[in-house]
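Reader: Please show me the model. Then we can go through it by question and answer.

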Amino acid sequence: SGASVTVSRVLRAGVFDKPRIMVHVVAYNAESTLAQTLDRIPREVRAQLAEVRVFDDASSDNTVLVGEGYKATSSGDWPVPLQIVRNPQNRGYGGNQKLGYRYAVDRGYDVVVLLHADGQYAPEEMARLIQPILDGEADAVFGSRMMNRRDALRGGMPLYKWLGNQVLTRFENAALGMSLTEFHS
């Protein structure tokens, strides 16, 4: 008999009095995926966020227009500010991350969640990843779509990236004398 477990998506404040949580969405040519990715952030989690900020990295498509349209038509579903910001020049993935993190630090957020606008990472898991920080058990938590290796392919990762990731991970682990089981907790 398999007992089912229900995981609450409501975040507990933990060591913070009133935690300020920001979701930083990195976006580049994500016009076809941005709205669906934002929709996947659980409503219970949305209610506990201070801000969701999409940083578009000078996309050549209509990512910003899709974001602004989503914001205009979904405002009732967002009890927190949903901001769409277009970088005037492409800064690359790392540069776009830095802009978002700098913004969060400058405004004193307690927790920052990095989310990809293309939906590669599961927004549905946000509460599980944030809670250890709120409980004071972790300073940083990283999700991985590679824990179950084939899940990344099912989630839309291109085969060439998946194969490259597998090869590089094996080399890195061998060079560092590590195994994948050391990362499971």
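Author: First, a definition: on a 1 Å grid over the protein atoms alone, a pocket is an open set of points where a 1.4 Å probe fits, with protein on both sides within 12 Å along at least five of seven lines, and lining residues have an atom within 4 Å of a point. This is a predicted model: local features need pLDDT of at least 70, side-chain atom pairs count only at pLDDT 80 or more, and totals for chains, interfaces and linings use all residues. Residues are numbered from 1 along each chain as its sequence is written, and side-chain values use heavy atoms, without hydrogens and water.

Reader: Which element gives the most to the lining of the second largest pocket?

Author: The lining has 14 residues, with Val26, Ala27, Tyr28, Tyr93 and Asp118 nearest the centre. Strand E1 (21-27) and helix H4 (92-106) each give two or more (DSSP runs numbered from the N terminus; helices are H or I, at least four residues, strands E, at least two). With three residues, the top contributor is H4.

Reader: Which residues of helix H3 are buried, and which are exposed?

Author: Buried means under 20% relative accessible area, exposed over 50%, partly exposed in between (1.4 Å probe, protein chains only). In H3 (residues 63-73), the buried ones are Thr63, Gly67 and Tyr70. On the other side, the exposed ones are Leu65, Ala72 and Thr73.

Reader: How far apart are the C-alpha atoms of Ile133 and Val15?

Author: Ile133 sits in helix H5 (residues 126-134). Its relative accessibility is 15%, so Ile133 counts as buried. Val15 is 118 residues away along the chain, yet the C-alpha separation is 8.6 Å.
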